[in-house]
Amino acid sequence: MSYLIPDTALSIAGLTDYIRLLLEQDEQLRQVWVTGEVSSANQHRSGLFFTLQDPDGSAAIKCVVWNSQLTKLAQIPIRGEQIIILGNIRVYPQRGEYQLTVWQVLPVGVGLQALRYQQLKNRLQEEGLFDVERKRSLPIHPQTIAVVTSPTAAAWGDIQKTLKQRYPGLHVLFSPATVQGEQAPASIVKAIARVERDNRAQVLILSRGGGSVEELACFNDERVVRAVADCTIPVITGIGHQRDESLVDLTADACVHTPTAAAELVVPALSELYAEHQERIAVLHDTMRIEMQTAGNKLQGMRDRLQRLRLDRQVQQEVKNLSWKRQQLIQVTTGRLQQATQHVELLRQKLTTLDPQAVLQRGYAVVKKENGAIARSATELELGQELSIQLAQGKVKVKITEVNG
């Protein structure tokens, strides 16, 4: 019997590499949850090696937890125990084997619940519900706050007491809900929707006063998580557990571990605001005092500088100079006024001398013709001609009866 060997026959390395690529690049095998029973476990220098098999022994897979990951495990694999592991498939070509590199180990029971929790968390995280960019800032001084919790829970009393102490007069809207049991998710979703329809609250507190993992399961319910994510106003969670965050905590805009802490976060304390205000007043007073002191020092420095420049003496000297020049101006003006007065008097005297009226006062007269011209010579006159004679006091008219040339 003969066989035809094809040219495309693979080497062992090629076949193994092909298998490795198939397994390690598979999206489902990059992060896989597997449950089974630990059939063997051996600690080595590099890590813990163990085998996980189905309870009936029908299948088994080799696993390894490297030393760097051991301290992060919720449970150490022990032979004979049922566990759930989270890991990824790795192929080792030298041995022609594959095994699970383990990241986390959980006990069965709690592990099944944790597995469902982790699967939901991964899905919601891929949708971006936990992204920091989605989270909204809380109002600094809200006037209306909504609270979603059970009316019989201690959380409601703690929140009321804290809000009253920190911010008296605050308007608080209570939207009751069942926060435990199978009916809790639907009840919480309705309570949140009730607050949104009311449209008065500026921030919402979703709270519960603690409890076991089972009692807090409603806060990992997808319906509640999406109601918080879709809420139109900022949400603060105060669910009352310290160890693990719920999916609602991861989705909310802010989360704290207790109802009291949620109430403290949502509003400032008026006493603290008053103290801050008084502190600002004190700082303002100190600032003003320092500014006034600085301005006073600057003013005094300018005064000292002026004093060093002796400007007062310069001013006094200028005042003396002005006074001396004023006296000079008065003297010059007075002298010129006297000269002008004397000159005017001289002119007056000359005018007086030349004044025709003065001549007439001495007994002379002025003879004028009919046309008003002054008669200067007898030859200009004729017999019978009328003349006007101006005397010192009055005028007379005469007629010529004789002319002696």
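The model is a predicted one.

Start with strand 1, residues 32–43. Strand 1 pairs with strand 2, which spans residues 47–53. The two run antiparallel, and 6 bridges link them. One of the pairs to look for is Val38 with Leu52, its bridge partner in strand 2.

Thr35 has Ile84 as its bridge partner in strand 4.

Stay with strand 4, which covers residues 82–92. Asn88 sits in this strand. Is Asn88 buried or exposed? Its relative accessibility is 17%, and buried means under 20%, so Asn88 counts as buried. Which residues does Asn88 touch, beyond its neighbours within four places in sequence? Its contacts are Leu29, Arg30, Gln99, Leu100, Thr101 and Trp103.

Now turn to empty space. A probe the size of a water molecule, rolled over the atoms, shows where such space is left. The second largest pocket has a volume of about 310 Å³. Helix 2 (27–30), strand 1 and helix 4 (110–127) each give two or more residues to its lining. Helix 4 gives the largest share, 4 residues. Among the lining residues are Glu27, Gln28, Val32, Trp33, Gln119 and Arg123. By class, the lining of this pocket holds 2 nonpolar, 4 polar and 3 charged residues.

Conventions. Residues are numbered from 1 along each chain as its sequence is written. This is a predicted model: local features need pLDDT of at least 70, side-chain atom pairs count only at pLDDT 80 or more; totals for chains, interfaces and linings use all residues. Side-chain values use heavy atoms; hydrogens and water are left out. Buried means under 20% relative accessible area, exposed over 50%, partly exposed in between (1.4 Å probe, protein chains only). Contact means heavy atoms within 4.5 Å. On a 1 Å grid over the protein atoms alone, a cavity is a set of points where a 1.4 Å probe fits but cannot get out, and a pocket is an open set with protein on both sides within 12 Å along at least five of seven lines; lining residues have an atom within 4 Å of a point. Grid points are joined across faces, edges and corners, and a volume is the space filled by probe spheres set on the points. Ala, Val, Leu, Ile, Met, Phe, Trp, Tyr, Cys and Pro count as nonpolar, Asp, Glu, Lys and Arg as charged, and the others, Gly among them, as polar. Two strands pair if DSSP finds at least two bridges between them.
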